[in-house]
Amino acid sequence: MTRRGSLAYYLAAWVCGCAFISFCVWAKISLTGAEALGGPAGVISLLFAIFYGLMYNAPAALLSAFLLRCAAHIAKSEKSLQWMLLGAAITTLLFVALGWLGGASQADMAKSLRDFADIFSVGPSLVFKSGWWLAIPAGAATAWVLFRTDRAFGPHSDNPAS
């Protein structure tokens with residue numbers, strides 16, 4: 001395995017983070033009675049949302065996981081609730097910022113800069129349009145999974161080699 005389980009940590013961030021945010025967007029669309037992704041809100045549209053969420057939200061999920069790990073270690077957060085609060089805050093701020101960047105006047109940007117911005121902002125701008133507050137429960141749930149992953153691969157007091 002990698003040092004301190006980084007591969008497992010970022011894989012969990014990508015898969016769980018994207019699945020949680022996609023589920024939140026899908027649930028909001030389903031509960032409001034709107035047509036989800038061109039069809040009725042059902043299991044197929046949930047799978048469709050998660051599939052595209054894994055692609056479009058990957059850069060934001062990985063960046064959010066990196067910032068969460070740095071902030072949690074700087075703040076010496078040892079409890080899952082602390083990670084969940086940090087994760088909810090970081091994810092929400094990041095998705096709002098990237099969502100705004102995706103919706104900002106990109107016509108003023110050069111094409112190469114616009115393409116680079118689109119890599120990071122496509123998924124968050126879709127979440128931002130659905131409701132910026134959807135990143136709060138998704139960020140908290142992802143942070144809990146990342147807390148458990150970080151603790152599973154982190155140094156243990158009973159293992160002197162760690």
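Two cavities of 30 Å³ or more are counted in this structure, a cavity being a set of points, on a 1 Å grid over the protein atoms alone, where a 1.4 Å probe fits but cannot get out. Grid points are joined across faces, edges and corners, and a volume is the space filled by probe spheres set on the points. The model is a predicted one, in which local features need pLDDT of at least 70 and side-chain atom pairs count only at pLDDT 80 or more, while totals for chains, interfaces and linings use all residues. Residues are numbered from 1 along each chain as its sequence is written, and side-chain values use heavy atoms, with hydrogens and water left out.

The largest cavity has a volume of about 130 Å³. Its lining is made up of 18 residues, and Gly17, Ala61, Ser64, Thr91 and Thr142 are those that lie nearest its centre; a lining residue has an atom within 4 Å of a point. Two or more residues of this lining come from each of α1 (6–31), α3 (58–74), α4 (80–103) and α6 (135–153), where helices are DSSP runs (H or I, at least four residues) numbered from the N terminus. Sorted by class, the lining of the largest cavity has eleven nonpolar, seven polar and no charged residues, with Ala, Val, Leu, Ile, Met, Phe, Trp, Tyr, Cys and Pro counted as nonpolar, Asp, Glu, Lys and Arg as charged, and the others, Gly among them, as polar.

The second largest cavity holds about 30 Å³ of space, and the residues that line it are Thr92, Phe95, Val96, Pro124, Val127, Phe128, Gly131, Trp132 and Ala135. Here the elements giving two or more residues to the lining are α4 and α5 (111–130). The classes in the lining of the second largest cavity are seven nonpolar, two polar and no charged residues.

Helix α6 also contains Asp150, which is buried, with a relative accessible area of 0% (buried means under 20%, exposed over 50%, and partly exposed in between, with a 1.4 Å probe and protein chains only). Leaving aside residues up to four places away in sequence, Asp150 touches Arg4, Tyr9, Arg69, His73 and Trp83, contact meaning heavy atoms within 4.5 Å. Pro137 lies in helix α6 as well, but counts as partly exposed because its relative accessibility is 42%. The C-alpha atoms of Pro137 and Ala88 are separated by 6.7 Å, although these residues are 49 apart along the chain.

The structure holds zero disulfides, a disulfide being a pair of cysteine sulfur atoms within 2.5 Å. For Cys16, the nearest cysteine sulfur is that of Cys18, 9.6 Å away.

Note on methods
1 Å grid on protein atoms, 1.4 Å probe; cavity = no way out; pocket = protein on both sides within 12 Å on 5 of 7 lines; lining within 4 Å.
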